[in-house]
Amino acid sequence: RRLGLPKYEWWSEALHGVSNVGPGTFFDDLVPGSTSFPTVITSAAAFNESLWKTIGRAVSTEARAMYNLGRAGLTYWSPNINVVRDPRWGRAIETPGEDPFVVGKYAANYVRGLQDVEGTENSTDLNSRPLKVSSCCKHYAAYDVDNWKGVERYSFDARVAEQDMVETFLRPFEMCVKEGDVSSIMCSYNRVDGIPACADPKLLNQTIRGEWDLHGYIVSDCDSIEVLVDGHHWLGDTKEDAVAHTLRAGESFIKHILCQEICLDLDCGDYYTKYVQSSVQQGKIREADIDRSLKYLYVVLMRLGFFDGNPQYNSLGKKDVCSEENVELAREAAREGTVLLKNVGETLPLDSQKIKTLAVIGPHANATAAMIGNYAGVPCKIISPLDALSTYGEVDYQAGCGDTKCKNGSLIFPATQAAAKADVTIIVAGIDLSIEAESLDRDDLLLPGNQTQLINQVANAAKGPVVLVLFSAGGLDISFAKNNPKIGAILWVGYPGERGGPAIADVIFGKYNPGGRLPLTWHEASYVDMLPMTSMPLRAVDSLGYPGRTYKFFNGSVVFPFGYGLSYTKFNYALKSAVKSKQIKLNKFQHCYSIKYGNDSHNPTCPSIRIDDMDCKDHKIEFEVEVQNTGSRDGSDVVIAYSKPPQGILATHIKQVTGFQRVFVPAGGSKKVRFVLNLCNSLRVVDYNAYTVLPSGGHTITIGDDIVSFPLDVNFSS
């Protein structure tokens with residue numbers, strides 16, 4: 001106030017559209033809504049980097065337009081890029097899935113879409129690079145327990161091996177900073193190995209600012225400093241102590257770590273505003289510490305043009321919010337994210353010329369709010385599945401359940417009667433925010449209440465083909481439907497956004513050929529009985545009988561695997577070219593590094609090189625795959641490349657995603673897909689000591705579900 005600086009509200013959200021969560025943004029008669037895109041888990045299933053960036057651009061355009069109209073801010077605390085380690089986690093809806101590389105790619109692309117100002121993407125001075133809006137990657141780090149059997153995020157201590165930290169929990173954030181050049185990171189509520197994430201000097205200052213070189217500010221999750229005092233009871237802190245510990249992230253209590261710069265710059269809460277002054281007066285922090293924090297914050301505001309404007313966005317206004325182009329993009333994103341899980345005897349697509357009557361059944365058949373999930377604003381206009389499907393024939397709608405929890409089975413019989421008369425039966429079922437959400441983890445992987453009974457009875461009574469459409473973020477054990485011959489087709493749509501209804505109808509009636517892939521494993525229900533959600537290791541814990549987590553470390557039976565998805569057409573792969581060996585000459589500063597092999601495995605003379613000792617930018621993997629569409633329908637295919645480490649290395653991943661591309665191939669046609677991948681990133685292994693290494697020996701590159709593979713030998717020489 002003394003300097004005449006205008007007030008600014010930092011908290012706005014834009015997870016999958018401009019949201020009204022947070023006081024920085026609101027809707028009214030002037031701007032009644034904004035485009036509500038599919039939730040992140042659905043968009044992630046598209047495996048389409050250009051789509052993710054395009055959605056980001058559309059969201060930032062609407063955000064800038066709303067800012068010009070005085071209805072929004074410029075700093076958006078999105079996206080959520082925590083890896084889905086456990087299928088019960090309630091916030092899977094907000095995330096891009098279980099693979100850290102895919103999550104990181106989503107983060108980098110969505111952030112670039114939000115932040116990049118055209119023509120300045122490659123600025124050499126990143127601290128002054130203009131921003132369209134400011135993005136924030138959250139929640140850092142090892143945050144994936146919300147509220148499970150009484151264990152809450154506010155007091156949970158995530159006991160994480162450094163190996164898992166480097167390999168899984170930190171990798172998306174590193175990619176967000178280094179590839180996305182994000183301008184903010186949000187720390188999480190939980191502790192990591194005993195230290196609150198928002199007061200950890202190693203996580204905040206040494207890693208984010210030191211190793212990764214963040215060009216921006218670090219913010220707490222809302223009221224995290226209060227949680228540090230009241231939830232974690234950290235070191236018996238007073239409120240002033242807590243402010244000092246977060247602002248300086250540990251300088252006062254870890255004597256051998258000196259935090260040379262501010263660590264937590266902004267408090268989403270009132271602790272800084274209430275207690276910073278008294279903390280200074282008590283000598284716990286210095287005014288210079290506050291000044292440095294303000295520098296990070298105000299530099300971001302200057303890059304946004306908050307003080308002197310940004311002329312190229314001045315023309316944006318009401319016409320740019322809920323534009324036809326953006327609403328159509330929401331529909332396209334929902335279609336691209338739809339995953340075809342089952343299609344027996346070409347049940348789908350339906351022939352609209354032969355369908356006169358439809359039974360549309362289920363708790364989500366007339367879904368509206370459920371389609372937009374959480375951290376949503378006010379959508380432009382929601383079109384439900386029921387409304388969209390009604391354009392294809394005479395509809396008999398029966399909910400079958402009173403709500404998603406489906407505790408009352410009395411509505412099942414009318415649903416079976418409708419199915420017995422209709423040419424086709426479409427059941428729209430699944431879960432919603434009453435089952436999985438922030439602060440609400442699941443106890444099981446089953447459909448709630450009487451939904452299974454509803455689906456089976458309706459399928460058995462149906463006169464015509466039966467199509468099951470599922471809403472969910474986390475996986476569901478629907479083995480009963482997968483194995484039921486009366487259910488011809490199953491579609492997973494996640495939470496498909498405001499145009500979810502038309503997108504579902506487009507896929508069912510063949511206007512769009514689905515090509516999405518599951519971004520996380522769908523486990524059998526028994527999986528959650530094998531281990532508690534609070535067990536953090538990704539690798540199997542043999543001594544306790546705990547299985548591994550995610551496709552990278554779990555080799556048991558599943559309902560549907562990571563990356564699974566069918567099409568209305570047939571794709572074949574042919575390897576056209578590949579470099580199958582890499583000879584790397586070591587210089588005098590590079591040394592062989594030992595990694596653990598099994599007793600029966602050959603241990604190479606030079607087992608590996610630490611990647612920190614290599615200049616990785618010059619080492620590439622190159623190969624080309626021809627995708628052939630041998631069917632009669634045009635379609636898009638997601639080509640996922642995996643790497644498998646040399647056999648015999650102990651306690652490493654089974655395989656890992658190294659690259660992916662979504663390509664459109666016309667019926668009867670083919671397209672060559674070329675991969676040029678970084679050797680170190682693609683073949684990396686993180687050992688027990690948390691060193692990231694490049695192993696020598698026989699790696700394997702596989703395309704899809706081992707449809708095409710080739711060996712890649714890596715050898716080191718002096």
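Which cysteine forms a disulfide with Cys592? Select Cys606: the sulfur atoms of Cys592 and Cys606 are 2.1 Å apart, and a disulfide here is a pair of cysteine sulfur atoms within 2.5 Å.

Before going further, some ground rules. This is a predicted model, where local features need pLDDT of at least 70 and side-chain atom pairs count only at pLDDT 80 or more, while totals for chains, interfaces and linings use all residues. Residues are numbered from 1 along each chain as its sequence is written, and side-chain values use heavy atoms, with hydrogens and water left out.

**Stop 1: the disulfides**

Stay on Cys592 and Cys606 for a moment. The torsion about their S-S bond is about -110°, so this disulfide is left-handed. The pair links distant parts of the chain: Cys592 sits in strand E19 (residues 592-593) and Cys606 in the loop between E19 and strand E20 (608-610), 14 residues apart. Helices (H or I, at least four residues) and strands (E, at least two) are DSSP runs, numbered from the N terminus. Cys592 counts as partly exposed at 44% relative accessibility, whereas Cys606 counts as buried at 12%. For these labels, buried means under 20% relative accessible area, exposed over 50% and partly exposed in between, using a 1.4 Å probe and protein chains only.

Next, select Cys136, which is in no disulfide; the nearest cysteine sulfur belongs to Cys137 and is 7.0 Å away. Cys136 is buried, at 0% relative accessibility.

How many disulfides does a search of the whole structure find? It finds 7. One of them joins Cys322 and Cys380, with sulfur atoms 2.0 Å apart. This link is left-handed, with -90° about the S-S bond. Cys322 lies in the loop between helix H10 (287-303) and helix H11 (324-337), and Cys380 in the loop between helix H12 (369-372) and helix H13 (385-389), so the pair ties together parts that are 58 residues apart in sequence. Both ends are partly exposed: Cys322 has a relative accessible area of 27% and Cys380 one of 26%.

Now pick Cys401 and Cys406, another disulfide, with sulfur atoms 1.9 Å apart. The link of Cys401 and Cys406 is left-handed too, at -65° about the S-S bond, and both of these cysteines are buried.

**Stop 2: Pro6**

Jump to Pro6, in the segment before helix H1 (40-44). Pro6 is partly exposed, at 41% relative accessibility. Leaving out residues up to four places away in sequence, Pro6 touches Phe306 and Phe307; contact means heavy atoms within 4.5 Å.

**Stop 3: the largest pocket**

Select Trp10, Thr273, Leu294, Leu297 and Tyr298. Of the 30 residues that line the largest pocket, these are the closest to its centre, and the pocket holds about 1100 Å³ of space. On a 1 Å grid over the protein atoms alone, a pocket is an open set of points with protein on both sides within 12 Å along at least five of seven lines, a cavity is a set where a 1.4 Å probe fits but cannot get out, and lining residues have an atom within 4 Å of a point. Grid points are joined across faces, edges and corners, and a volume is the space filled by probe spheres set on the points.

Which helix gives the most to this lining? H10 does, with 6 residues. Helix H9 (271-281) and H10 each supply at least two. By class, the pocket lining has 20 nonpolar, 3 polar and 7 charged residues. Ala, Val, Leu, Ile, Met, Phe, Trp, Tyr, Cys and Pro count as nonpolar, Asp, Glu, Lys and Arg as charged, and the others, Gly among them, as polar.

**Stop 4: the cavities**

There are 5 cavities of 30 Å³ or more, and the largest cavity has a volume of about 70 Å³. To find it, select Val84, Pro87, Glu98, Thr521 and His523, the closest to its centre of the 13 lining residues. The lining of the largest cavity divides into 4 nonpolar, 5 polar and 4 charged residues.
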